[in-house]
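Colleague: I would like to learn how to read the features of a model of this kind, one by one. Could you take me through them, giving the general idea and then the case at hand?

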Amino acid sequence: MIKELDSSVKSDIKLTGRVIFRGDPGYESARKNWDPHTDRFPKVFVFAQRTQDVANAIRWARKNNVPIRPRSGRHALETNLSQVNGGIVIDVSEMKKIKLNKKSGTVVVETGNRVGRIVDTLARQGYIAPFGDSPTVGIGGITLGGGIGPLQRTIGLISDNLLELEMVDAKGRIIRANQKRNSDLLWASRGGGGGNFGVYTKYKFKVLRAPAKATVFSITWPWAQFEKVVKKWQIWAPNASTKLGSELNVGPKKGGNVSMLGLYLGSKSEALRQLEPILSVGTPTQKTIRFLPYTEATKFLLAPDPVLTQRYSNQFSSSFGRRPFPDKAFKIMREFLEKAEGGTPAGFFFLNWGGAISRIAPKSTAFYWRKAKFYVEWNSSWVKPSHAARNIALARNTRKKLQPYIVGSYINVPDQGIKNSGSVYYGKNYARLRKVKAKYDPSNVFNNPQSIPPA
């Protein structure tokens with residue numbers, strides 16, 4: 001079921017919404033992205049206020065033969081995935097409605113909402129909204145790529161909770177997808193990545209009642225104990241209660257430490273019992289374990305993460321571990337952490353897997369990597385543009401060396417150093433995704449350096 005826009009729009013296409021051309025006031029601030037050294041200069045930014053603005057922007061771009069990049073939270077970890085020289089950036093960040101339906105246990109959110117805003121709005125009304133590790137990530141990008149985070153073992157990935165969506169296709173038509181109509185598009189949108197099929201404008205999610213209170217924890221160890229802690233975590237975390245979510249960060253050798261953050265959807269005494277195996281490792285230098293009202297617990301986990309004021313550029317890479325790392329992998333980790341620039345957010349990040357994620361078959365949604373034990377990403381960071389090449393090489397060479405111990409990659413933490421990336425991101429779902437692409441965007445209007453080509 002595809003709804004055509006009224007024909008009067010077709011003849012004379014004008015850009016609507018908040019439109020900023022190159023040279024207009026506000027252009028430089030519109031250009032700012034996650035990467036402070038962004039080097040792309042789009043022709044125009046359209047800040048859509050409603051779905052019709054998105055449709056008009058797509059039609060205008062087609063008529064004027066201008067490349068398109070959709071943008072939601074400005075969190076694209078690789079700049080040229082959300083900006084393009086001489087192109088149009090369709091920015092949906094000003095579309096921010098949130099409509100909770102307590103009766104049906106669902107919420108409809110517009111695609112410009114940032115995760116923290118949705119989490120906070122729902123928590124205050126007694127509901128759980130899934131989230132990742134940052135409140136400023138746009139709900140659009142995180143959902144379409146799968147959506148991993150500390151609640152995933154209890155309620156699944158963010159995309160596992162997606163019931164329905166609204167999207168504008170390459171012809172400027174508004175399409176709705178759910179289990180009954182355009183179900184192939186719903187399947188593809190649950191982990192098939194943003195920027196592939198169209199520009200999304202609305203999502204409908206199922207939501208669960210939140211507990212009144214939850215236990216949060218933050219533990220720190222000295223950097224020198226990272227091997228001991230990571231080894232134990234990789235065995236303990238995948239087998240802990242599915243009510244427990246934990247992420248582990250290992251910073252660079254220069255000035256870094258090991259820190260674990262997470263939550264347990266239950267009492268403090270139960271949480272302590274679950275945490276005991278990891279707390280007995282090494283000598284933690286800091287321990288915070290608190291039983292908080294759920295609204296406070298979410299704030300504890302989603303520390304402020306300013307997108308447009310950060311000083312660092314980053315090169316990320318991501319993967320999944322099917323089994324605990326052997327000593328050889330730790331040697332590679334150590335090499336990376338010794339070379340990473342101190343005083344930057346460089347390092348390794350692990351997130352525990354299993355539970356609700358692995359109960360869904362890999363081919364049931366576009367998100368394929370469900371049988372892992374943990375998720376892992378690493379990033380090198382730098383302040384001076386002259387340090388870019390060295391740090392990009394460091395992250396990408398680390399990926400090559402870790403190859404025997406990892407599988408796949410997460411499209412929301414992309415690495416353009418990956419050649420033939422389709423099957424690396426999407427596993428055995430790649431061929432089906434190409435067919436969905438051919439149906440909804442046969443001319444490959446929505447493309448970027450790592451997008452899905454039509455079959």
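**Reading the model**

Modeller: A search of the whole structure finds three cavities of 30 Å³ or more. A cavity here is a set of points, on a 1 Å grid over the protein atoms alone, where a 1.4 Å probe fits but cannot get out, and lining residues have an atom within 4 Å of a point. Grid points are joined across faces, edges and corners, and a volume is the space filled by probe spheres set on the points. Please keep in mind that this is a predicted model, in which local features need pLDDT of at least 70 and side-chain atom pairs count only at pLDDT 80 or more, whereas totals for chains, interfaces and linings use all residues. Residues are numbered from 1 along each chain as its sequence is written, and side-chain values use heavy atoms, with hydrogens and water left out.

Colleague: What volume does the largest cavity have, and which residues line it?

Modeller: The general idea is that rolling a probe the size of a water molecule over the atoms shows where empty space is left. In this structure the largest cavity has a volume of about 80 Å³, and its lining consists of V107, V109, I118, L122, A129, P130, I139, I158, F205, K206 and V207. The elements giving two or more residues to that lining are strand 7 (106-110), helix 4 (115-123) and strand 11 (199-206); helices (H or I, at least four residues) and strands (E, at least two) are DSSP runs numbered from the N terminus.

Colleague: Is helix 4 mostly covered or mostly open, and what do its buried residues pack against?

Modeller: Buried means under 20% relative accessible area, exposed means over 50%, and partly exposed lies in between (1.4 Å probe, protein chains only). Helix 4 is mostly covered, with seven of its nine residues buried, namely V115, G116, I118, V119, T121, L122 and A123. Taking contact as heavy atoms within 4.5 Å, the buried residues of helix 4 pack against strand 6 (98-101), strand 7, strand 8 (127-128), helix 5 (139-144) and helix 10 (294-301).

Colleague: How many aromatic pairs are there?

Modeller: Rings of Phe, Tyr and Trp (its six-membered ring) pair if their centres lie within 6.5 Å, and planes under 30 degrees apart count as stacked, over 60 as edge-to-face and the rest as tilted. By this rule the count comes to 27 aromatic pairs. For F21 and W60 the ring centres are 6.3 Å apart and the planes stand at 75°, so this pair is edge-to-face. Because F21 lies in strand 2 (residues 18-21) and W60 in helix 3 (residues 51-63), the pair ties together parts that are 39 residues apart in sequence. F21 counts as partly exposed at 30% relative accessibility, whereas W60, with a relative accessible area of 11%, is buried.

The rings of W233 and F374 are also edge-to-face, because their centres are 6.4 Å apart and their planes are at 70°. W233 lies in helix 8 (residues 226-236) and F374 in strand 19 (residues 374-382), so here the parts tied together are 141 residues apart in sequence.

Colleague: Which ring does the charged end of R432 sit over?

Modeller: A charge sits over a ring if NZ of Lys or CZ of Arg is within 6 Å of the ring centre and within 35 degrees of the ring normal. The charged end of R432 sits over the ring of W187, 3.9 Å from its centre, and R18 lies over the face of F47, at 4.2 Å from the ring centre.

Colleague: What is the phi of N65, and where is N65 found?

Modeller: Most residues other than glycine have a negative phi, and most peptide bonds are trans. N65, although not a glycine, has a positive phi of about 55°; it is placed in the loop between helix 3 and strand 4 (68-71), and at 71% relative accessibility N65 counts as exposed. N420 also has a positive phi, near 45°, in a residue other than glycine. N420 is found in the loop between helix 12 (388-402) and helix 13 (422-426), and is exposed, with a relative accessible area of 72%.

Notes
1 Å grid on protein atoms, 1.4 Å probe; cavity = no way out; pocket = protein on both sides within 12 Å on 5 of 7 lines; lining within 4 Å.
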